[in-house]
Amino acid sequence: MAAPPEDLSFAVVFETSEVPDQPATNLERNRPENSGGWTSDLRCCWPIEIGLRLFGQNIEPTRLRLTSHATFVPRLVEVYLGRSTEVV
């Protein structure tokens, strides 16, 4: 039997919108029940984007968990993966 997937460490490197009391960096706590969440400004320009840097080597995400308040459910979520050539 395969081991359950592990949570990945990551950092938020950019976002196109957030409100001061719920910044995107709250997501770095990696647990929806502990993060306080991220909320974009209601008057922001669409699409709303967020960039994450995954920590580790040879990372191959197999799933992504998104949670949302019932009144903020997105109609579309697009996920793009790539490798950075930048050494940090």
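Buried means under 20% relative accessible area, exposed means over 50%, and partly exposed is in between, using a 1.4 Å probe and protein chains only. The views below come from a predicted model, where local features need pLDDT of at least 70, side-chain atom pairs count only at pLDDT 80 or more, and totals for chains, interfaces and linings use all residues. Residues are numbered from 1 along each chain as its sequence is written, and side-chain values use heavy atoms, with hydrogens and water left out.

**View 1. Cysteine 44 and cysteine 45, with no disulfide to show.** A disulfide here is a pair of cysteine sulfur atoms within 2.5 Å, and by that rule the count is zero. For cysteine 44, the nearest cysteine sulfur belongs to cysteine 45, 7.0 Å away. Cysteine 45 is likewise in no disulfide. As for cover, cysteine 44 is buried at 13% relative accessible area, whereas cysteine 45 is exposed at 64%.

View 2. Glycine 56 is exposed, with 57% relative accessible area.

**View 3. Valine 79, in the segment after E2.** What is the relative accessibility of valine 79? The value is 53%, so valine 79 counts as exposed.

Methods:
Helices (H or I, at least four residues) and strands (E, at least two) are DSSP runs, numbered from the N terminus.
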